[in-house]
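Hi there,

Here is the structure I promised to pass on, followed by some notes on what turned up in it.

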Amino acid sequence: MVPILPVPKWYAWGSYDRLQTMFGAAGTAGDGPIDVGAMTGEPLAEMWFSAHGQRSMTSDVLVGSARRGTRRMPLADLLRGDPGPMLGETASRHWGPTLPYLLKVIAVRMPLSLQVHPLDFEARRGFHREQSAGIPQDDPARSFRDMQGKHEMVVALEPFDASVGFAPVSRQIRALRSVRHPLARAMADILQSGSMTGPADRSAVGTAEPTMAVIDRMMPESARVWSETSRRVFRAFALAVMYGRDVDTVTVLREAVSRLGDHAGQVAGGGTGLPTGSSSGSRSGASAASETSRMLANALRAAEAFPGDASALCLLMMNPVRLREGESVSIPPGTPHVYIHGLAAEIMTNSDNVLRAGLTVKHRDVPNLLRSLNTAPVPPVVPYTVRDGERRGGGARRPARCDPHRGLTLYHPCIDEFSLTYGHVEAGRVADWPLPVLAQDRPRIVVCVDGSLCCETERSDDVRRMTLRRGEGVFVPADDGLLRVTGAGNMTGAGNSTGVGGGSESIGHQKTGGNLLMASTGI
Ligand SMILES: O=P(O)(O)OC[C@H]1O[C@](O)(CO)[C@@H](O)[C@@H]1O
């Protein structure tokens with residue numbers, strides 16, 4: 001068990017206080033430790049616990065001992081040097097000498113890009129193409145930073161708003177028709193009839209006949225077997241991201257919100273936002289209207305952050321999602337998504353490949369995004385959750401309510417690279433399930449996201465103990481076997497600079513315990 005120092009990522013959409021407060025001095029950055037707690041003037045978006053191949057993306061770990069002295073080294077090097085004991089036999093056999101997952105805590109202050117993660121084969125193809133074009137891997141204009149598709153899962157640490165995947169087409173048409181703008185109308189016409197229907201539609205994009213033919217040529221090869229619905233969704237989406245120019249989205253969306261009676265504010269007030277009904281249009285008028293309002297609300301927030309960017313209208317085609325703390329959603333490669341607001345843990349395959357179509361100051365790559373785009377209107381995928389050994393949900397539309405204050409929940413999507421455990425461990429209590437299950441030959445990363453926790457491993461006679469305060473984390477090698485975690489006292493100050501605790505906190509004397517986030521492989 002070694003302390004791990006997360007890598008901070010400063011992006012414009014990050015928060016000026018959330019991660020700073022959580023992580024304090026527990027961060028690393030390239031050449032040395034960094035006190036993110038003192039950097040409230042900068043928007044801090046993400047803290048990465050990672051062994052990604054690029055130096056600027058791998059976390060450092062502290063090796064050695066408090067008695068003999070510690071030194072920092074990149075986690076990626078530690079794993080490469082001793083893959084068997086560090087990663088375990090199963091993980092090394094499947095994924096080679098590296099961690100197959102990347103864990104982040106993210107703070108979304110304002111909407112971030114309309115994006116898609118590439119499919120595996122597109123990532124491989126794109127990576128090699130950019131390598132042979134000589135584009136440096138850390139070039140901001142690079143789309144493929146590694147060779148992997150990115151499968152992702154989000155677990156909300158606080159209410160978290162997003163738009164994920166395409167909504168049922170009837171919902172898309174309804175939302176688009178609620179907005180009085182020629183581009184929204186042209187998108188709705190395409191969804192309804194397969195094409196733009198008249199001169200008014202064409203004037204919306206300032207171009208004539210060939211538009212549809214150009215768009216159709218952007219479809220991937222797999223489009224040959226797509227349903228007509230998927231083809232229409234592709235065309236409407238592509239129309240906005242390829243041809244939408246300087247649309248005053250803020251004005252038209254505000255007007256639609258106020259005309260519809262602003263359900264958005266009421267909806268934002270509570271409850272899970274995952275779509276609940278079927279895609280057959282069987283939902284009641286009231287719930288359809290409220291879903292339109294939520295689509296509009298997300299689109300408006302995106303438009304206000306990026307005025308003039310027509311791709312905000314694409315959020316009127318997407319499922320609005322509101323997660324409560326402890327709820328989660330999977331983002332398989334190809335899924336269009338926009339994160340709107342909130343604090344969350346994100347775990348993903350070991351990749352930094354993001355293809356953006358809009359709502360960003362970063363590099364956009366519409367052609368590559370369209371090649372990976374999943375155009376099927378499907379409800380967001382909810383990962384399996386397991387509590388006390390009991391498996392629930394999975395692919396269901398409504399997640400089992402996972403109250404993080406009532407113990408630990410294990411979340412896992414239908415892939416093997418990662419799983420995540422989140423929940424509260426009361427002071428003086430030893431977290432039992434699922435930690436023993438995850439002890440079998442798996443590399444783990446444990447982060448204390450609130451309060452404090454005492455971690456203990458025992459290998460032969462060597463007992464190692466560490467107290468984690470808020471923001472501190474440890475990497476637990478597969479070889480360490482069973483990890484015992486006990487809720488410690490209330491020490492909510494920002495993390496210390498080393499993450500090395502003595503294990504001598506007065507467990508049981510204080511009442512708070514801690515909130516545990518633990519990443520592991522799924523097998
Ligand atoms: O590169 P951007 O647009 O800032 O977005 C980065 C974020 O988007 C995601 O890909 C969201 O799925 C995250 O993994 C990452 O945190």
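Let me start with glutamate 417, whose side chain makes a polar contact with the side chain of tryptophan 95 at 3.4 Å (a pair of N or O atoms within 3.5 Å; within protein, one must be able to donate a hydrogen and the other to accept it, and residues adjacent in sequence count only if both atoms are side-chain atoms). Please keep in mind that this is a predicted model: local features need pLDDT of at least 70, side-chain atom pairs count only at pLDDT 80 or more, and totals for chains, interfaces and linings use all residues. Residues are numbered from 1 along each chain as its sequence is written, and side-chain values use heavy atoms, leaving out hydrogens and water.

Glutamate 417 is buried but has no salt bridge, and the nearest side chain of opposite charge, arginine 124, is 9.9 Å away. Here buried means under 20% relative accessible area, exposed over 50% and partly exposed in between, with a 1.4 Å probe and protein chains only. A salt bridge needs a side-chain nitrogen of Lys or Arg within 4 Å of a carboxyl oxygen of Asp or Glu; in counting charge, Lys and Arg are positive and Asp and Glu negative, while His and the chain ends are not counted.

Arginine 185, by contrast, counts as partly exposed because its relative accessibility is 36%. Beyond residues up to four places away in sequence, arginine 185 touches Arg177, Ala200 and Asp201 (heavy atoms within 4.5 Å). Its C-alpha atom is separated by 13 Å from that of leucine 253, 68 residues apart along the chain.

Best wishes
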